Amino acid sequence: MNLVPINIDAIIIGHPLPCPLRDEGGVLLANQGFMVHSRQELEVMVGRRSQIYIDASQSDNFRRGYVNRLNNLVLADRALGQIAEVQVSPYDGKRSVAAEVSDEPEWLDLQSQAHAMLRDTRGESFLPRLERLQNELERHTLRNPDGTLFAVIHLAGNEINHYSATHAMLVCVICSLAARDILKWPPAHVSAMCSAALSMNIGMTELQDRLAVQKSPPTQEQLSRIDGHAAGSVELLQKMGVSNELWLQAVLNHRGNAPGPLAARSDGQRIARLIQRADMFAARLSPRASRAPESPSTAMQSCYFDENRQIDEAGVAIIKAVGIYSPGTFVKLVTNEIAVVIKRGLNTTMPRVAVLINRHGMVTGEPILRDTSLAEFRIVASVPHKDVKVNHNLDRLLALTRQMPTERSWSGMKRSN
């Protein structure tokens with residue numbers, strides 16, 4: 001057991017513990033799910049110990065709780081001094097410096113930031129929060145588009161409790177790549193589009209999160225709120241100080257289902273159509289309590305064909321940008337191996353992948369790199385996320401998206417295993 005220290009301020013009073021608490025020797029102090037009802041109860045449990053610990057494998061759960069607590073303190077207008085005192089671990093400061101040097105995103109932190117932002121209806125704090133999140137997503141998308149796609153698709157496939165935030169981030173990243181790299185839209189249009197993608201559902205954020213965990217079909221009242229949320233989102237954004245017409249028009253029209261070429265539309269309607277196609281793809285790719293996610297190939301078909309079953313221009317741009325087999329999705333190779341896509345290839349159907357399950361159905365110790373443009377490793381099927389029962393290390397796989405092996409090294413890898 002690899003123990004790491006945590007600060008007791010990271011333990012949220014009145015909420016179940018996300019993992020067991022232990023002392024320095026590994027002795028159990030409280031089980032996962034135990035609820036601490038007061039600060040006094042927490043101090044009695046800790047006693048005279050100078051430090052309490054959790055298993056390192058559970059640290060992401062506590063880190064998410066830490067970020068959520070910071071967001072809640074900001075929303076409550078607490079003093080900056082109180083906010084600054086909250087730490088999840090004595091080593092947080094060192095990790096922050098290291099993260100700043102390496103410039104690697106903390107995706108769970110970004111997800112929590114998006115979650116808090118979409119519940120903040122005060123213009124003086126909402127708009128700066130959205131701008132910071134949008135800038136972070138843009139920076140990482142430009143620096144490592146494959147890694148960014150991998151991370152947001154991974155979060156979308158694993159997370160339903162932060163559905164609205166994760167969905168907004170995924171739609172934003174997909175649209176950004178399609179608008180900038182394929183459609184060649186001007187920067188002002190790309191910026192307005194990303195703002196719209198992140199805020200399009202702000203009029204029903206709480207409802208959207210509730211529906212993700214709701215097993216029964218939406219009620220008539222919920223359906224009515226869904227139908228009217230676009231106009232409600234625009235009204236709320238205007239109250240918070242948004243005046244950008246492209247942004248507002250995109251949000252207002254993002255649920256439109258009128259087929260046809262992009263050139264025949266206004267600028268705001270073109271942006272809205274791209275968001276609508278990405279919105280549809282992302283929703284089908286993500287799980288909900290009431291249904292399993294669709295396979296990536298099926299989700300892609302939903303945005304490729306329009307309402308008249310004709311090829312959709314915006315849908316084509318999305319597929320060209322992210323690939324039929326996008327980073328973060330799973331595929332089956334002709335070798336009977338199951339792999340996760342880590343990098344887009346020269347065309348939409350031949351990405352670079354990392355094998356996680358070998359041809360005998362056994363989990364690989366280390367990911368095995370494959371180039372699916374080679375006939376012996378071609379893709380034969382897309383695999384739904386729910387069918388892959390492997391707890392892979394996200395950071396390790398994200399590192400593979402940053403590596404740029406030469407064609408020679410890839411061809412050498414093709415004969416491994």
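Biologist: Hi! Where does S176 lie?
Modeller: S176 lies in helix α8. Helices here are DSSP runs of H or I with at least four residues, and strands are runs of E with at least two, numbered from the N terminus. This is a predicted model, where local features need pLDDT of at least 70, side-chain atom pairs count only at pLDDT 80 or more, and totals for chains, interfaces and linings use all residues. Residues are numbered from 1 along each chain as its sequence is written, and side-chain values use heavy atoms, with hydrogens and water left out.

Biologist: Thanks! Is S176 buried or exposed?
Modeller: S176 is buried, because its relative accessible area is 3%. Buried means under 20% relative accessible area, exposed over 50%, and partly exposed in between (1.4 Å probe, protein chains only).

Biologist: And what is S176 in contact with?
Modeller: Leaving aside neighbours within four places in sequence, S176 contacts T141, D181, V190, M193 and C194. Contact means heavy atoms within 4.5 Å.

Biologist: Switching topic: which residues touch the most other members of the largest nonpolar core?
Modeller: Those are W107, M193, L237, L274 and I275, in a core of 76 residues. Helix α8 (residues 163–182) gives this core its largest share, 12 residues. A nonpolar core is a set of buried Ala, Val, Leu, Ile, Met, Phe, Trp, Tyr and Cys residues joined through side-chain atoms within 4.5 Å.

Biologist: Nice. What does W107 touch?
Modeller: Not counting residues up to four places away in sequence, W107 touches L137, H140, T148, A151, V152, L155, M169 and L398.

Biologist: Last one: how many helices and strands are in the chain?
Modeller: The chain has 18 helices and 9 strands, and 49% of its 417 residues count as buried.
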